[in-house]
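The points below may be read in order, with the model at hand.

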Amino acid sequence: MEYSGFALFPSFHYSITPATRGELPVSSLAIMLRGAFKTRLFHPIQKIGFAEALDSIVKIDPRYERDAYVFLRDALDFTTKQQKKVKGTSVRHVSGPELLEGLRQYALKEFGPMVMTVFGSWGIHSSEDIGNMVFNLIGAGIFGKTEEDSIDDFKNVFDFHEVFVKPFEPAKPAHPEVPLGLPAPKLS
């Protein structure tokens with residue numbers, strides 16, 4: 001199964017500031033993956049399988065669980081199928097925001113109110129985490145990208161609390177709260 005969206009440019013170098021929680025910056029990951037190509041862990045001419053790529057990615061960048069990458073691949077499939085339904089043609093490329101919207105819909109469909117719990121257990125806490133995973137898969141040659149695609153496409157796209165928690169919060173009552181207690185009787 002091939003995935004379009006996000007041609008691989010192994011020499012393309014991404015630079016972001018490392019997050020405060022000790023995460024690897026994408027540029028460091030790109031350097032490590034380049035080293036993996038040189039040591040023939042990945043050979044650019046060989047096509048490696050998804051499972052092998054995940055083994056290498058998780059070993060190099062342990063921030064995200066293996067299941068998170070499998071879910072991301074499935075979310076990309078879901079997104080392209082949704083776009084085919086709407087556009088009626090084959091989808092050649094999925095942008096970062098489009099992937100995030102498809103992932104949001106797919107996550108709500110699959111996990112309902114447990115999305116934040118599942119994502120938290122996988123190490124996913126923001127749309128930027130999804131971007132880091134996408135670019136890890138690009139670096140491994142699993143996902144492709146265009147020259148217009150950037151890690152910045154995933155920054156502050158949506159707030160996880162807004163899109164994954166609020167839909168399941170109880171609705172606010174239409175009327176202001178009326179005190180339930182009766183007035184105290186007057187003593188004469």
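Predicted model: local features only at pLDDT ≥ 70, side-chain atom pairs only at ≥ 80, totals over all residues.

1. Helices here are DSSP runs of at least four residues, numbered from the N terminus. By that rule Asn132 lies in helix H6, which comprises residues 127-139.

2. On the overall fold: the protein chain contains 7 helices and 0 strands. Read from the N terminus, the order of its elements is α-α-α-α-α-α-α. The chain has 188 residues, of which 40% count as buried.

3. On helices H2 and H3: H2 covers residues 50-60 and H3 covers residues 66-87, and their axes come within 10 Å and cross at roughly 135°. The crossing of H2 past H3 is right-handed.

4. On the residues that join this pair: H2 contributes Phe50, Ala51, Leu54, Asp55, Ile57 and Val58, while H3 contributes Arg66, Tyr69, Val70 and Arg73. Sorted by class, the contact of H2 with H3 holds 7 nonpolar residues, no polar ones and 3 charged ones.

5. On helices H4 and H5: the axes of H4 and H5 come within 9 Å and cross at roughly 110°. The two helices are therefore roughly perpendicular to each other, as angles of 65 to 115 degrees are counted in that way. Leu103, Ala107, Leu108 and Phe111 of H4 form the contact with Val115, Val118, Phe119 and Trp122 of H5. By class, this contact of H4 with H5 has 8 nonpolar residues, with no polar and no charged ones.

6. On the buried face of H5: which residues of this helix are buried? In H5, residues 115-122, they are Val115, Val118, Phe119 and Trp122. Viewed down the axis of H5, the buried residues fall within an arc of 95°, so they line one face of the helix. The elements covering them include H3, H4 (96-111) and H7 (160-165). After H5 comes Gly123, whose phi is positive, near 90°.

7. On Phe111: this residue has its place in helix H4. Is Phe111 buried or partly exposed? Phe111 is partly exposed, because its relative accessible area is 23% and buried means under 20%. With neighbours within four places in sequence set aside, Phe111 is in contact with Phe71, Val118 and Trp122. Phe111 and Phe164 are 53 residues apart in sequence, and their C-alpha atoms are 9.8 Å apart in space.

8. On Asp67: this residue lies in helix H3. Asp67 is partly exposed, with a relative accessible area of 47%. The C-alpha atoms of Asp67 and Trp122 are separated by 7.2 Å, although the two residues are 55 residues apart along the chain. Trp122 is also one of the buried residues of H5.

9. On Asn132, to return to helix H6: Asn132 is in that helix and is buried, with a relative accessible area of 6%. Asn132 and Asp152 are 20 residues apart in sequence, with 10.0 Å between them in space, C-alpha to C-alpha.

Note on methods:
Residues numbered from 1 in each chain as written. Heavy atoms only, no water. Axes fitted to C-alpha atoms, helices over the stretch in contact; angles between N-to-C directions. Left-handed = near helix turned anticlockwise from the far one by under 90°. Contact = heavy atoms within 4.5 Å. Nonpolar A, V, L, I, M, F, W, Y, C, P; charged D, E, K, R; others polar. Buried < 20%, exposed > 50% of the residue type's maximum accessible area, 1.4 Å probe, protein only. Arc of directions from axis to C-beta. Parallel < 35°, antiparallel > 145°, perpendicular 65-115°, else oblique.
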